[in-house]
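Let's walk through this model together, one contact after another. Please keep the viewer open as you read.

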Amino acid sequence: MKKSLQTLTLAAWAFSSIALAKDVATINGKGLSEDQYKEALAQLGPQADMVKGNPEIRKQFLDHIIESTLLANEAKNQDLDDSDRFKALVETAKRDILAKLYLEKYIADNSTDAKLKEYFEKNKAKFTEKEVKAQHILFPEKEKAKAEKTLKEIKAKNNFDENMKKYATEKNGSKGGDLNWFKQGRMVPEFEKAAFGTEKGNVYPQLIKTQFGYHIIKVVDVRGGDSVKFEDKKNEVEQEIRMNARNDLVKSLRDKAQVKVDDEVLGKMQL
């Protein structure tokens, strides 16, 4: 009796599972299952959310799948799946899909909670709310002597503002002025380190050399605090580490590979 009851229960469960597995559409007698619809939807990436939340767009997306299926079936009837054009497109699609899958896996492996926390601890200052309002006077690299003389004068006479106006308007290539507010990660590292290491109202005591030339930096104001919690910044950390992971991966692959680009051929290519 007990065995018969178990058999009936299993049969009922199997029947209910089959009943739940409904097709969202049939095309020439062939069912399009919910799983197939969801799989097609997953290929949209972030745009899938728009379909999920709008019944009308759900229907439009289903129409798109149906139309693509009908067109694909007709293409097969005309043996287009045996054409050189089709085969070339398939190879291109395979390349792009494999690249996407590997990139997704690599980024996922490098953005685990443990790695996010590790990155956050090493770069905590970047995620604080602290901001600096700075001004600078910038001299071209060839004018280092003038930059040194100007900094010496500013230290002696406390006339940064006067010199900033003077050199910002000169025609010799010198530049400068108000940089307004910025957080960590917005400026080149050498400039940023000096700016965030200077107290409000002070001029950094040394010239700062960057790719742009020599800077004399004054910190006008400081706002925001240094304390920050991982939980509050997790999304920002994840976005940054995912972007960095992609860039680092592509760079490492290019560095290891033997890649040669013929700019002349590229430029003369008839498109």
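Buried means under 20% relative accessible area, exposed means over 50%, and partly exposed is what falls in between, with a 1.4 Å probe and protein chains only. What you see is a predicted model, in which local features need pLDDT of at least 70 and side-chain atom pairs count only at pLDDT 80 or more, while totals for chains, interfaces and linings use all residues. Residues are numbered from 1 along each chain as its sequence is written, and side-chain values use heavy atoms, with hydrogens and water left out.

Let's begin with charges. Side chains of opposite charge can pair when their charged atoms come close. A salt bridge here is a side-chain nitrogen of Lys or Arg within 4 Å of a carboxyl oxygen of Asp or Glu. How many salt bridges does a search of the whole structure find? The search finds 18.

One of them joins the side chains of Lys 183 and Glu 129, with 3.2 Å from N to O. This pair links distant parts of the chain, 54 residues apart: Lys 183 sits in the loop between β4 (175–182) and α9 (189–196), and Glu 129 in the loop between α6 (113–122) and β3 (131–139). Helices (H or I, at least four residues) and strands (E, at least two) are DSSP runs, numbered from the N terminus. Glu 129 is partly exposed at a relative accessible area of 38%, and Lys 183 is also partly exposed, at 21%. Both residues belong to a network of salt bridges that links Glu 129, Lys 183, Lys 233 and Glu 236.

Another salt bridge brings together the side chains of Lys 209 and Glu 141, at 3.6 Å from N to O. Lys 209 lies in strand β5 (residues 208–210) and Glu 141 in the loop between β3 and α7 (144–157), so the pair ties together parts that are 68 residues apart in sequence. Lys 209 counts as partly exposed, at 35% relative accessibility.

Lys 105 and Asp 109 form a local pair, with their side chains meeting in a salt bridge of 3.0 Å, N to O. Both lie in helix α5 (residues 84–109), four residues apart, about one turn of the helix. Asp 109 is partly exposed, with a relative accessible area of 39%.

Stay in helix α5 and look at Ile 107. Is Ile 107 buried or exposed? With a relative accessible area of 9%, Ile 107 is buried. Leaving aside residues up to four places away in sequence, Ile 107 touches Arg 242, Ala 245 and Arg 246, where contact means heavy atoms within 4.5 Å. Ile 107 and Met 243 are 136 residues apart in sequence, yet 8.5 Å apart in space, C-alpha to C-alpha.

α5 and helix α10 (residues 230–256) pack at an angle of about 125°, with their axes 9 Å apart. Axes are lines fitted to C-alpha atoms, for helices over the stretch in contact, and angles run from 0 to 180 degrees between N-to-C directions. The contact is made by Tyr 102, Leu 103, Tyr 106 and Ile 107 of α5 and Arg 242, Ala 245, Arg 246 and Leu 249 of α10.

A further helix pair is α7 and α8 (residues 160–168), packed at about 150° with axes 9 Å apart. Here Lys 146, Thr 150, Glu 153 and Ile 154 in α7 meet Phe 160, Asn 163 and Tyr 167 in α8.
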